[in-house]
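Please read the numbered points below with the sequence and the model open beside them. They are meant to be taken in order.

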Amino acid sequence: MKKKRKRKLVMYAAIGLSVLLIVLSGGYLMFRHVLLPLRQAKDIQQLQSLFEPPSIQTESPPSAVSSIPENNSNSLEDLQQINPDICGWIRFDSLPINYPIVKASDNSFYLTHDYKKQSSPYGSIFRDFRCTEQSKNISLHGHHMNDGGMFASLVSLTDYQVYKQNTIFTTWEEEQKTTWEIISIFRIQPDSDPFFYLQPDFSSDEELLSFIQEVKRRSLFHIPASADIQDRLLTLSTCSYEQKGNRTVVVAKKISSSPTS
């Protein structure tokens with residue numbers, strides 16, 4: 001009798017533990033795949049309401065977090081009140097890329113922290129720490145999120161028809177609006193490929209020209225636009241999952257720059 005009762009208690013305990021694990025797992029999945037993306041989208045929308053170039057200004061959402069200044073002056077200085085590491089903004093017209101750019105002393109911190117320096121699996125769009133204001137090739141990194149956030153949509157540019165609708169994009173930094181034209185889109189495995197596509201500086205014009213030629217050679221399809229040694233480059237990099245360790249890379253050249261004020 002006692003053994004039978006003991007077996008029942010063990011069985012009930014096992015059932016209870018199983019139910020608890022199911023509830024906890026469901027809660028985690030709900031947070032990770034539903035609540036977290038919603039929170040991220042709301043957070044970014046609030047930031048976008050603070051920094052919107054005149055050509056894309058829209059009515060600000062009624063609610064805003066207290067850390068964001070109320071005055072919308074379209075200035076990076078307002079964003080830097082939230083985080084002085086914010087150094088720019090990047091936007092594509094036909095892709096869901098419309099984010100602040102941050103900088104740090106390494107390439108690790110903003111992999112796991114948002115623009116407010118809070119822990120987040122989304123991380124941030126961040127400038128490679130090896131780049132300076134004088135670098136000929138500035139590199140930006142961003143996660144490839146499953147919900148399409150951050151730099152995930154860069155992968156769609158490997159489709160020629162999508163590229164044709166997004167040949168040009170814009171950045172803002174230090175009160176300057178800069179327009180960029182894509183010159184190459186390629187995939188690379190950095191761990192096994194010796195080509196240093198993130199190279200910021202070049203010892204000679206010949207080295208820079210060789211870099212541009214290699215970037216063009218690797219393009220997945222023919223892109224009419226090219227670059228020369230006088231051009232400044234911007235490289236966008238994100239994970240892609242055709243193979244483990246792959247990156248999708250978009251390289252563009254600066255075609256115009258003008259003050260925002």
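How many bridges join strand S2 to strand S3?

1. Three bridges join strand S2 (residues 98–103) to strand S3 (residues 125–127), and the two strands run parallel. Two strands count as paired if DSSP finds at least two bridges between them. Helices (H or I, at least four residues) and strands (E, at least two) are DSSP runs, numbered from the N terminus. In this pairing Val-102 stands opposite Phe-126 in S3, and Lys-103 stands opposite Arg-127 in S3.

2. A word on the source of the values. This is a predicted model, in which local features need pLDDT of at least 70 and side-chain atom pairs count only at pLDDT 80 or more, while totals for chains, interfaces and linings use all residues. Residues are numbered from 1 along each chain as its sequence is written, and side-chain values use heavy atoms, with hydrogens and water left out.

3. The overall make-up comes next. The protein chain has four helices and eight strands, and along the sequence these follow the pattern α-α-β-β-β-β-α-β-β-α-β-β. Of the 261 residues of the chain, 44% count as buried. Buried means under 20% relative accessible area, exposed means over 50%, and partly exposed lies in between (1.4 Å probe, protein chains only). Contact means heavy atoms within 4.5 Å. Among contacts between residues at least 6 apart in sequence, 59% join residues at least 24 apart.

4. How are the strands arranged? Eight strands form a closed barrel in the order S1-S2-S3-S4-S7-S8-S6-S5, with mixed pairing. From one strand to the next the twist averages 30 degrees. Helix H4 (residues 205–217) packs on the sheet and touches strand S4 (137–141), strand S6 (176–188), strand S7 (233–239) and strand S8 (247–259). The direction of H4 makes about 60 degrees with that of S6. Here axes are lines fitted to C-alpha atoms, for helices over the stretch in contact, and angles run from 0 to 180 degrees between N-to-C directions.

5. On its other pairing, S2 is joined to S1 in the antiparallel sense over five bridges. A hairpin of six residues connects S1 to S2. Ile-86 has Val-102 in S2 as its bridge partner. Five of the six residues of S2 are buried, so S2 is largely enclosed by the rest of the structure.

6. Asp-85 deserves a look. It lies in the loop between helix H2 (76–82) and strand S1 (86–91). Leaving aside neighbours within four places in sequence, Asp-85 is in contact with Ile-101, Val-102, Lys-103, Tyr-110 and Lys-117. The side chains of Asp-85 and Tyr-110 are joined by a polar contact of 2.7 Å. A polar contact is a pair of N or O atoms within 3.5 Å; within protein, one must be able to donate a hydrogen and the other to accept it, and residues adjacent in sequence count only if both atoms are side-chain atoms.

7. The structure holds eight salt bridges. A salt bridge is a side-chain nitrogen of Lys or Arg within 4 Å of a carboxyl oxygen of Asp or Glu. One of them links Asp-93 with Arg-91, the closest N and O atoms being 2.6 Å apart; Asp-93 is exposed at 61% relative accessibility, whereas Arg-91 is buried at 17%. Another links Arg-127 with Glu-133 at 3.0 Å between the closest N and O atoms. Arg-127 is buried at 12%, and Glu-133 is partly exposed at 46%.

8. Arg-217 forms a salt bridge with Glu-214, the closest N and O atoms being 2.6 Å apart. These two residues are three apart in helix H4, so about one helical turn separates them. Salt bridges that share partners join Asp-193, Glu-214, Arg-217 and Arg-218 into one network.

9. Which residues have the most contacts inside the largest nonpolar core? They are Ile-90, Phe-92, Phe-169, Ile-182 and Leu-236, in a core of 57 residues. The largest share of this core, six residues, comes from S6. A nonpolar core is a set of buried Ala, Val, Leu, Ile, Met, Phe, Trp, Tyr and Cys residues joined through side-chain atoms within 4.5 Å. Leaving aside neighbours within four places in sequence, the contacts of Ile-182 include Phe-92, Leu-157, Phe-169, Ile-223 and Val-250.
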